[in-house]
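Hi,

Here is the structure I promised to pass on to you. Have a look at it first, and then read on for what turned up in it.

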Amino acid sequence: MQNIGFIGLGAMGGPMARNLIKKGFPLTVFDIVAERMAPLKAEGAGTAASCKEAAEKCPVVITMLPASAHVREAVLGKRGVAEGIGKGSVLIDMSTIDPITTREIAEFLEKKGAEMLDAPVARGVPAAVAGTLVIYVGGKREVFDRTRPILAAMGTDIYHVGDIGNGEVVKIVNNIMVAVTTCALAEALVLGVKAGVKPDILFEALSSGSGNSFVLQNHYKNSVLKGKFEEGVFPVDYMLKDLDLALSTGTKLRIPLQFAALSAQQYIAAGAAGESKKYHPAVIRPLEKLAGVEVRSEA
Ligand code: NAD
């Protein structure tokens, strides 16, 4: 099996790298926060001192970093992937970033004879741990086919969605849907509770209605109803980053995104109210405070 470099060992990257080790892939890891490498080293991974070194050692390099600027720095910056990547090697960026940045980086790597796929993921940390992510892949079909077994170690639902950058486009569209639904449910449920229905009864009744959704059954059931808005799991700030990506793409393409824009304002309000680092369904909290009610289970 070929050696794989894994850069960015945070909430998502850590468990994704662990799944590659479990499936028997030899791994070399790097994170600018050195202590994030220690648990993977203990499980058998080698370590690199820089992104460049990871790329020199491995014909396939995966990046799982916060945002466009981090990917640009890790790949094109000093001691970055581009300085170490070999001819025929592949960079798979699994971060959620701007598709224009993705395409610029791919163009740069192509001049060095290297390939790139964008492969952002959906479903969040529990799926990253379980190896059941959804992965949206953009790039050459032949490179996708070649690297599919690597992706299959981290996800169960893997879609090749077209040329380079298209994975990011699908991911951004997915997150518009999640953000808008999360915000719409916030005001609907706060109204329901304020108007006198108990949260548990409201949740049960709505679960069989035509307004039921993945967000109700996951984000609301497991986070809002339980009052669990822990830090370190896809925070308000990251959803805002993805809505900004959607809005700037919409502006470039002259597509009005009115609901995405309203949702972004609601996430900004939550950030201003001190929820920036909290799990993103915390977007409901300013509304709860305004209404003087909480959508929490009594169970
Ligand atoms: P995170 O902030 O937990 O982890 C990012 C890691 O990257 C950190 O360990 C950080 O030290 C490291 N890093 C930053 N710059 C670096 C550099 N130049 N070189 C090496 N390491 C560097 O983020 P996360 O929650 O793991 O998210 C990663 C990406 O996945 C984001 O784009 C996010 O939008 C996306 N995503 C997250 C979730 C989720 O539920 N958390 C779900 C789907 C997609």
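Predicted model: local features only at pLDDT ≥ 70, side-chain atom pairs only at ≥ 80, totals over all residues.

**The ligand site**

I expect you will go to the ligand first, so let me start there. There are 26 residues around the ligand, and D31, R36, P66, Y238 and K241 are the ones that come nearest. Sorted by class, the shell consists of 15 nonpolar, seven polar and four charged residues.

- Y238 has a polar side-chain atom 2.6 Å from an oxygen atom of the ligand.
- K241 places an N or O atom of its side chain 2.8 Å from a ligand oxygen.
- T96 takes part through its backbone, with an N or O atom 2.9 Å from an oxygen atom of the ligand.

How much of the ligand's accessible area does the protein cover? On its own the ligand has 840 Å² of accessible area, and the protein covers 90% of that. The elements that contribute two or more residues to the shell are α4 (68-76) and α12 (236-253).

Now for the sheets. Strand β2 (residues 27-30) runs parallel to β3, and the two pair over two bridges. Within that pair, V29 is found opposite T47 of β3.

**The three-stranded sheet**

The other sheet is open as well, with three strands in the order β7-β8-β9 and mixed pairing. Here the edge strands are β7 (121-122) and β9 (155-160), and each pairs on one side only. Which way do β7 and β8 pair, parallel or antiparallel? β7 and β8 (residues 133-137) are antiparallel, joined over two bridges. A122 stands opposite V134 of β8. Helix α9 (residues 166-194) lies across β7 and β8, and runs at about 130° to β8.

Best wishes

Definitions and conventions
Residues numbered from 1 in each chain as written. Heavy atoms only, no water. Pairing = 2+ DSSP bridges. Helix = DSSP H or I, 4+ residues; strand = E, 2+ residues; numbered from the N terminus. Contact = heavy atoms within 4.5 Å. Axes fitted to C-alpha atoms, helices over the stretch in contact; angles between N-to-C directions. Near = heavy atom within 4 Å. Polar contact = N/O pair within 3.5 Å; in protein donor to acceptor, adjacent residues only side chain to side chain. Areas by Shrake-Rupley, 256 points an atom, 1.4 Å probe, with all protein chains shown as cover. Nonpolar A, V, L, I, M, F, W, Y, C, P; charged D, E, K, R; others polar.
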